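Here is a quick tour of a protein model, from the overall fold down to the spaces inside. Have a look at the structure before reading on.

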Amino acid sequence: MRMIHTLAGVLLLLLVIGSILRTLVVPRGLYSALAHRLWRLLRTILRLSAAPIGGYRAQDRALTWLAPLILLGMLGVWLSGMLLAYTLLLHGTSDLSWSVSFREAGSSLFTLGFASGERLHLSVIDFLAAASGPLVIALQIAYLPTLYAAYQRRETEVTLLQSRAGEPAWGPELLARQSLVDTETALPSLYQDWERLAADIGESHSNYPVLLSFRSPQPNRSWVVGLIAVMDAAALHLALCPRSAPPEARLVLRAGFTAMRDIARSLRVDFDPDPAPETAIRLTYAEYDGAVAMITAAGFPRERAVEDAWPHFHGWRVNYEALAYELARRSDAVPALWTGPRDFHAPVIPPARPTDRRPGPSRPTLPPT
């Protein structure tokens, strides 16, 4: 039995070390079973705690704690796993009782230093335990600046998008607002900024999936909703204005669905890597037609008829709609227009448009969004 305990301790220690390395150290989008299971468990608990209150705001307040709890949960599981592993090793390689083995493992792992030093043949295990505890805590501390640096880069662009695409962001609203305030020439730079951000998100959120659970400071903002809005705006731009649309629109679409696919691979989400243009999408033609009418009323030019542009818009959106909806669902993002269903019941929130208070002739009245 002591040999079995020793082998079990070695196996458990290797599993814990592997989990730490794949989650904190290896710069690649590797699947972390621990992070995924903690996400499912804690997300369910937090959502149930907000269910009696109801509404999106209650869900948002509760889920704000999800990412910090996942980080604390991972640290707790790793330290507990190491404590159990070293207890098994000490018990399996000596005649120590379970209680004494547990006491000595805890003393070494947490560097308390009160365990007996009379058994020199156990010193190697004690020294390994003494090095493991501080090392795991140090890695977790070093992990936080990386997370928050990526979070800050993401949220800066999401906040800047608020004045351009509304809150919550919506692709047609982005095009309409640029036409209303005559800033269409700023669209190429916006697409370029979000192309770079999409590449950043694809790299950081696939390497560190816990970033998916970090929510925006404001409840009606979300990185995934913002990315969908910019991609929808670019797809509409290319579909309606094939000659005048900037090349940056194509680039941001490519970068956007590439980032979503990188994240999906790290989460083990199935997707079609090369969907046919005629594959069905969940956005209806009626929704598309209403949005085009709205941006046309705002003064956005059209080079194609609405009916002729639909297959082109459909062909772009089929590349990212399914993954976008899944990421919005997993992130419990604000229920914005054109972003799919959520796991909680809440009405879709349209973007709020500020009142035009400029003197002179009134701007055209737009149909409601």
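## The fold

A quick word on terms: helices here are DSSP runs of H or I with at least four residues, strands are runs of E with at least two, and both are numbered from the N terminus. On that basis, this predicted model comes to 13 helices and zero strands. Read from the N terminus, the elements simply go α-α-α-α-α-α-α-α-α-α-α-α-α.

As for dimensions, the C-alpha trace spans about 90 × 40 × 35 Å along its principal axes. The protein has 369 residues, and 51% of them count as buried. Take the contacts with a separation of 6 or more: 73% of those link residues 24 or more positions apart.

## The largest cavity

The structure holds four cavities of 30 Å³ or more, and the largest of them contains about 250 Å³ of space. Its lining is made up of 19 residues, with W39, P209, L212, S213 and L267 the closest to the centre.

Which elements give two or more residues to this lining? They are helix 2 (33-50), helix 4 (66-92), helix 10 (247-267) and helix 13 (321-330). Helix 2 has the largest share, at three residues. By residue class, the lining of the largest cavity splits into 11 nonpolar, five polar and three charged.

## The second largest cavity

Next comes the second largest cavity, with about 100 Å³ of space. There are 15 residues around it, and F214, R215, S216, S222 and S331 sit nearest its centre. In this lining, seven residues are nonpolar, four are polar and four are charged.

## The second largest pocket

Pockets are open, unlike cavities, where the probe cannot get out. The second largest pocket holds about 250 Å³ of space. It has 18 lining residues, and those nearest its centre are P275, V318, E321, A322 and L323.

Which helix gives the most to the lining of this second largest pocket? That would be helix 13, with five residues. Sorted by class, the lining of the second largest pocket has 10 nonpolar, two polar and six charged residues.

Definitions and conventions: Residues numbered from 1 in each chain as written. Predicted model: local features only at pLDDT ≥ 70, side-chain atom pairs only at ≥ 80, totals over all residues. Heavy atoms only, no water. 1 Å grid on protein atoms, 1.4 Å probe; cavity = no way out; pocket = protein on both sides within 12 Å on 5 of 7 lines; lining within 4 Å. Points joined across faces, edges and corners; volume = space filled by probe spheres on them. Nonpolar A, V, L, I, M, F, W, Y, C, P; charged D, E, K, R; others polar. Buried < 20%, exposed > 50% of the residue type's maximum accessible area, 1.4 Å probe, protein only. Contact = heavy atoms within 4.5 Å.
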